[in-house]
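Me: I would like to go through some of the labels used for this structure and see what each one rests on.

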Amino acid sequence: MRIVDQLPYVTKEENHVTIPMPDGVQLSARIWRPTSSDHEPVPAVLEYIPYRKRDLTSVRDAISHPYMAGHGYACVRVDLRGTGESEGVLRDEYLEQEQRDAEEVLAWLADQPWCDGSTGMIGISWGGFAALQVAARRPPSLRAVVIASFTDDRYADDMHYMGGAMLSDNLAEAGTMFAYATCPPDPAVVGGRWREMWHERLENTRPWVLEWLRHQHRDSYWRHASVCEDYGALRCPVLASSGWADGYSNAVTRLLANVDVPRKGLIGPWSHKLPHLGEPGPAIGYLQEVVRWWDHWLKGVDNGVMDGPMLQTWMQESVPPSTAYEERPGRWVGEPSWPSPHVQEVVHPLHDRHIVRPADPEGRSAGPARTDAGEGRVLTLRSPLSVGQFAGKWASYNAPPDLPYDQREEDGGSLVFDTEVLTERVEILGSPSVELEVSASEPAAQIAVRLSDVAPDGSATRVTYGVLDLAHRNGDPEPVEPGHRYRATVHLNGVAQAFPPGHRIRLSLSTSYWPLVWPTPRPVLLSVYEDGCALTLPVRPTQEPDEMSGSPFGAPEGTAPARVTRLTEPEQRWDVTRDLVGYRSQLEIVKDQGMTRFEDPGIEVGRRAYERYASVAEDFSSVSGESTWTMRFRRDDWDVKVITRTVLTCDEEEFHVDATLDGYEGERRVFSRTWNESVPRDTTPPGDPGP
């Protein structure tokens, strides 16, 4: 990334500014703005997240906020209530209180003498959620938003549930926030009140997974702050981005298709990263695009920002399977609208364990032609719990290496359908889907579907996947009668992928996908009736124009990152182990960032995350997950540590949560609490339990 030190505006920074809320709570803000804004007001841009602006996000913040400020904006980074140096307690994500606070912050910004009354919001992940959710509330000063790695559907397309099946990230992310919500404020900022503020957080925090487990189906808890419930509420322009390696690869196109506001979409090859820091590469000059967006929508500059394609996306070339990539080869393609007129839905029947050529003579996919008109075979499948150990993370962070590995071992416990060897290049752009006709041996059944690129040497690179709890085949949960035949559609995550000649396209079905997806209470024998099954691919014919030539983006650039010094070395591990005596299988993940000193505030910070997912043989009640975090902060004689541990187990009827929270000053434990609670496995809820 190119470091820029000469910008149009000279800027100044305020490290700690308090913003009052109506209930007396003070939120802490960090502000970068042009010095000239003292007498020439400028628009304000807000980023609003819970991740500690003074240290944990300071490196990233220093790259982007001073850059935007140097182009004529007051950039304001606010920690949510109960995080960093903001007062109060953070109890859960996207609560009504959080959004009311954001509206108050925007009103406060618009009223400052250095602000011209116009505001925007920017953010990735939680910050992207927050900007989109607040925009749907239509605060009067908000003119535009820039969002990355977000969703508009908190239930069906977030890290909690997929197709009605619970993701293991429901535990992992809960463990992350259990730790972040209990970190102390900095005494150098809040003074002697730091201990009182810290203990208020410790006393009032519960393991977040308990609340998320109590809402196993779409109800008012998830509908709150899901913009998909009312797309018409969104009235301001949106620049939306994500990456194909991210868990949030679907929301950009869904937003483009459903909102009626000026909008642009951008999807690269990236994991859960901002595009100018994108991994896998290529990263792009994202901040230049952001400034152009703000210039047009906040300053009224006629700069052509809305010209060109509505969607720009990276068409990925075929690559060998790997758990990490530095770069993904490919090219940028542009679509004038979404759904795109360039993309054709091509239906491929499934027959005799093959993906069949479509009946439509215009279709481009290859496969054996179906010759018999009789009823297809009935195929049966009961996957072992080991299917899924090479699935990678739901949302890749590219560290530790966390992408799916070679799928051949996974395919050994799956029902597999292949095309013939491709004679022509095939490109897909969008969300594939699979229409199935199935019956299950149990009243709780799930189906995992994977699409892979199979090279001539047999190696299989997963391209995309989807999961469906059969009870959610029509959306809201319905009973599943064992032995009864049902039609169900499994939607796979969106992707842009090229399959070259000489390769095959593979579709794999499994009845478990552990540990990415929490298993059903009992193993399931699934019967698949071939005659009712088909794969639909969103094919982008290769003769279609790309709407773009070369690279449409400049090189990544930003201002200098915050100064840090590494004190101890990080550790990253992703280990799959199997004990062939006791038949215990286990995935262990370590992400230890070591101790780092953030030089400007002089804080030394350590972060260590440990996850473990285990099972024994084919005992579906033996599965367990653990998320343990250690967070440490020190400066001179101030030394504080928080350790959180959440263990999730189950039997056929209940989930069991055992959690601990310990706070230390030096080596002395000053706070400790334990939770041992159970939540019923909610397979067919009688109604909406509400929030």
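Reply: Start with residue classes: Ala, Val, Leu, Ile, Met, Phe, Trp, Tyr, Cys and Pro count as nonpolar, Asp, Glu, Lys and Arg as charged, and the others, Gly among them, as polar. On that basis the lining of the largest cavity divides into 12 nonpolar, 11 polar and five charged residues. This is a predicted model, in which local features need pLDDT of at least 70 and side-chain atom pairs pLDDT 80 or more, while totals for chains, interfaces and linings use all residues. Residues are numbered from 1 along each chain as its sequence is written, and side-chain values use heavy atoms, with hydrogens and water left out.

Me: What makes a space a cavity and not a pocket?

Reply: On a 1 Å grid over the protein atoms alone, a cavity is a set of points where a 1.4 Å probe fits but cannot get out, whereas a pocket is an open set with protein on both sides within 12 Å along at least five of seven lines. Four cavities of 30 Å³ or more are found in the whole structure. The largest holds about 400 Å³, a volume being the space filled by probe spheres set on the points, which are joined across faces, edges and corners.

Me: What is the volume of the second largest pocket, and which strand gives the most to its lining?

Reply: The volume is about 830 Å³, and strand 22 gives the most, with three residues. The lining has 35 residues, with Ala-156, Arg-254, Val-490, His-491 and Leu-492 nearest the centre.

Me: Why are helix 1 and helix 10 called oblique to each other?

Reply: The axes of helix 1 (residues 58-69) and helix 10 (residues 286-299) cross at roughly 40 degrees and come within 11 Å. Axes are lines fitted to C-alpha atoms, for helices over the stretch in contact, and angles run from 0 to 180 degrees between N-to-C directions. Angles under 35 degrees count as roughly parallel, over 145 as roughly antiparallel, 65 to 115 as roughly perpendicular and the rest as oblique. Helix 1 and helix 10 are therefore oblique.

Technical notes
Helices (H or I, at least four residues) and strands (E, at least two) are DSSP runs, numbered from the N terminus.
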